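Subject: A structure for you to look at

Hi there,

Here is the structure I promised to pass on to you. Have a look around it first, and then read my notes below.

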Amino acid sequence: AEDPINPLRILVTSTTVEVSTNHLNDALTLLDRAAAILDNVKDDASLGRYYMQRGIVMRRMGGVENLDRALLDHTAARLHFEKANHRRYFARAQNNIGVIMLELGRYDEALETLEAARRIFAELGDVSTAAQVDETRARVYVAQQRHAEAEKIAQASVTVLERGGEQARLVESLQTLGVAQARQQKNQAAMETLRRAVKVAE
């Protein structure tokens, strides 16, 4: 009999193309087809990837109901990655949960989850992804009106991402830094930061 992991992997991989082109309903159709074979799959890493991808699609679809479903999917993914002892993917699922918590306005839980994800990326020596998590943490602080803390963390994120050459992530960090500065009436600094963001994005 065919190993059910292979068709599952093919279907999940196919959805990444649909997500990147914003064909979310097509991605969901593929994931629904994959759901039919989940019971036969025993590999936790493969199950984790399925649930994480489904969570990504649900989050992109937007709305509170879909965010709640995305939260459940990422929580399932995190559980499977933990069983598989796959720390990097576990931390990614943890980070995605933190982002969803932020979008649902559950700020304290978001920070707790993001800080746990950041610790793992730092332990793995992945400073670039840790810096991306810091940008999300800064956005939570902005939402909580803790603007000085947001500025400090966003600045640290910018410093790391400037070295790594990840332009899209750097733009996000610069934008968050600019917002944190503007909220503290640091208007000149905010304008300069946001101009840099535009320049990097070009």
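**How the helices pack, and the pocket**

Helices H7 and H8 cross in a left-handed way. Please keep in mind that this is a predicted model. Helix H8 covers residues 147-164, and its axis lies 8 Å from that of H7, at an angle of about 160°. Angles over 145 degrees count as roughly antiparallel, and H7 and H8 are therefore roughly antiparallel to each other.

If you want to find this contact on your screen, look on the H7 side for residues including Val 127, Ala 131, Ala 138 and Tyr 141. Their partners in H8 include His 147, Ile 153, Val 160 and Leu 161. Sorted by class, the contact of H7 with H8 has 10 nonpolar, 4 polar and 4 charged residues.

Helix H7 (residues 127-143) also packs against helix H6 (residues 107-123). Here the axes come within 9 Å and cross at roughly 165°, which makes H6 roughly antiparallel to H7. The crossing of H6 with H7 is left-handed. On the H6 side, the contact includes Tyr 107, Leu 111, Leu 114 and Phe 121, and on the H7 side it includes Val 133, Arg 137 and Val 140. The classes in the contact of H6 with H7 are 11 nonpolar, 2 polar and 4 charged residues.

Next, turn to H3 and H5. Which way do these two run relative to each other, parallel or antiparallel? Their axes are 11 Å apart and the packing angle is about 25°, and that makes H3 roughly parallel to H5. The crossing of H3 and H5 is left-handed. From H3, Arg 49, Met 52, Ile 56 and Arg 59 take part, and they meet residues of H5, among them Tyr 89, Arg 92, Asn 96 and Ile 100. This contact of H3 with H5 has 6 nonpolar, 1 polar and 4 charged residues.

Finally, the largest pocket. How much space lies in it? The volume is about 920 Å³. The largest pocket is lined by 33 residues, and the closest to its centre are Ile 56, Arg 92, Asn 95, Asn 96 and Arg 169. You have met some of these already: Ile 56 of H3, and Arg 92 and Asn 96 of H5, belong to the contact between those helices.

Which helix gives the largest share of the lining? That is H3, with 8 residues. Helices H1 (5-20), H3 (44-61), H5 (87-103), H7 and H9 (167-183) each supply at least two residues of the lining. By class, the lining of the largest pocket has 10 nonpolar, 12 polar and 11 charged residues.

Enjoy exploring, and write back with any questions!

Best wishes

Terms used
Residues numbered from 1 in each chain as written. Predicted model: local features only at pLDDT ≥ 70, side-chain atom pairs only at ≥ 80, totals over all residues. Heavy atoms only, no water. Axes fitted to C-alpha atoms, helices over the stretch in contact; angles between N-to-C directions. Helix = DSSP H or I, 4+ residues; strand = E, 2+ residues; numbered from the N terminus. Parallel < 35°, antiparallel > 145°, perpendicular 65-115°, else oblique. Left-handed = near helix turned anticlockwise from the far one by under 90°. Contact = heavy atoms within 4.5 Å. Nonpolar A, V, L, I, M, F, W, Y, C, P; charged D, E, K, R; others polar. 1 Å grid on protein atoms, 1.4 Å probe; cavity = no way out; pocket = protein on both sides within 12 Å on 5 of 7 lines; lining within 4 Å. Points joined across faces, edges and corners; volume = space filled by probe spheres on them.
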